[in-house]
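Keep the structure in view as you read.

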Amino acid sequence: MKTKNEIKEIAINAIKIELNSINRLINSVNDDFVLAVNFILNSPGRLIVTGIGKSAIIAQKIVATLNSTGTPSVYMHAADAIHGDLGIIQKDDIVMCLSKSGNTPEIKVLVPLLKMRGNKLISLCGNIDSYLALQSDCILDATVEKEACSNNLAPTSSTTAHLVMGDALAVALLECRGFTEKDFAQYHPGGALGKKLYLKVSDIVLNNEKPKVKATDSIRTVIIEISSKRLGATAVVDNDNKIIGIITDGDLRRMLEKNIDMTSSVAADIMSVSPKTVAPDMLAAEALRIMESKNITSLVVCENEQYIGFIHLHDILKEGIL
């Protein structure tokens, strides 16, 4: 049984070995890497990414990253390819094959078929002298000195190197394409990440009540409006629905602390003038940033000086935007 310190040392050593493998990849970013990027950028087809074993799993992740950053990609298992799935590949597609050894039986069957079809072949492999590498149009070198496991057998450093090189390729492609946050949002409409990039104030404010009072309304009317609309505040508007102030439940508390006569006071006496407002086309994430910077929980939404409603901190947090 290993001691606590021995277990920690094993884990730290594994991380150090993989870190060293990643550092070595810097020297692998060469002219062949640039050639691979240009092949993909200039291709009217897709990028087909294939592999066998653990490399196949990494291939799936690389495909997911490429698709989400603007490079149309398809995953194809190398074993399935030689049993019918080869039909996935179209004449203008480029194929990228992942393999540590570059000499597996499936690869040796698949590669001649790809060459016969005339598809460009990129190899992402850990052996630049392998069958796969020598048959490729360009090589992404993911050679590692050793695996992180003590037997130097389990794919660890090698799969990490494949993954990192795949990420480097994806990032290079998105930069060359001028891929923006707006583009990213189109590919990530679901979840908090997408919402940060596309969800607007207008998408949220319509779901809320729209508390408002006139400047001459009584404090009783103000309290009822704040309480019934459950947003902790109310807008104060003029006869043209233009915002002239805001009253929060905090303003009501401060009024009580100052012993202001509720019976003779009106909304104008306790309202805060020139409240912070936002436009409906502002991103909800930006509205959240404003709330955090101002240490407030709600914002008045206005368009062309017209009062539209409130957006509350809780509304944004419910959408998963943090």
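Helix axes here are lines fitted to C-alpha atoms over the stretch in contact, and angles run from 0 to 180 degrees between N-to-C directions. Helices (H or I, at least four residues) and strands (E, at least two) are DSSP runs, numbered from the N terminus. The model is predicted: local features need pLDDT of at least 70, side-chain atom pairs count only at pLDDT 80 or more, and totals for chains, interfaces and linings use all residues. Residues are numbered from 1 along each chain as its sequence is written, and side-chain values use heavy atoms, with hydrogens and water left out.

Two packed helices are described by the angle between their axes and the distance between the axes. Start with α11 (residues 219–229) and α12 (residues 249–257). Their axes lie 11 Å apart, at an angle of about 140 degrees. Angles under 35 degrees count as roughly parallel, over 145 as roughly antiparallel, 65 to 115 as roughly perpendicular and the rest as oblique. α11 and α12 are therefore oblique to each other. The crossing of α11 past α12 is left-handed. That term means that the near helix is turned anticlockwise from the far one by less than a right angle; clockwise makes a crossing right-handed.

Which residues of α11 and α12 meet? From α11 come I219, V222, I223 and I226, and from α12 come D249, L252 and M255. Contact means heavy atoms within 4.5 Å. By class, this contact of α11 with α12 holds six nonpolar residues, no polar ones and one charged. Ala, Val, Leu, Ile, Met, Phe, Trp, Tyr, Cys and Pro count as nonpolar, Asp, Glu, Lys and Arg as charged, and the others, Gly among them, as polar.

Now turn to α1 (residues 4–24) and α7 (residues 157–177). They pack at an angle of about 40 degrees, with axes 9 Å apart. α1 and α7 are therefore oblique to each other. α1 passes α7 in a right-handed crossing. I17, E18, S21 and I22 of α1 meet S157, T160 and V164 of α7. The contact of α1 with α7 has three nonpolar, three polar and one charged residues.

Buried means under 20% relative accessible area, exposed over 50%, and partly exposed in between (1.4 Å probe, protein chains only).

A81 sits in helix α4 (residues 78–81). A81 is buried, at a relative accessible area of 2%. Leaving aside neighbours within four places in sequence, A81 contacts M76, L86 and L110. T50 is 31 residues from A81 in sequence, yet their C-alpha atoms are 8.6 Å apart.

K212 belongs to strand β6 (residues 212–214). K212 is partly exposed, at 40%. Beyond four places in sequence, K212 touches E225, T234, A235, V237, N241 and Y307. From K212 to A235 the C-alpha distance is 4.5 Å, across 23 residues of sequence.

Q186 lies in helix α8 (residues 181–187). Is Q186 buried or exposed? Q186 is exposed, with a relative accessible area of 57%.

Finally, step back to the whole protein. The fold has 15 helices and 11 strands. The radius of gyration is 30 Å, well over the 20 Å that the globule rule gives for 322 residues, so the protein is more spread out than a compact globule. That radius is taken over C-alpha atoms, and the rule is 2.2 Å times the number of residues to the power 0.38. Along the principal axes, the C-alpha atoms fill a box of roughly 90 × 55 × 35 Å. Buried residues make up 42% of the 322.
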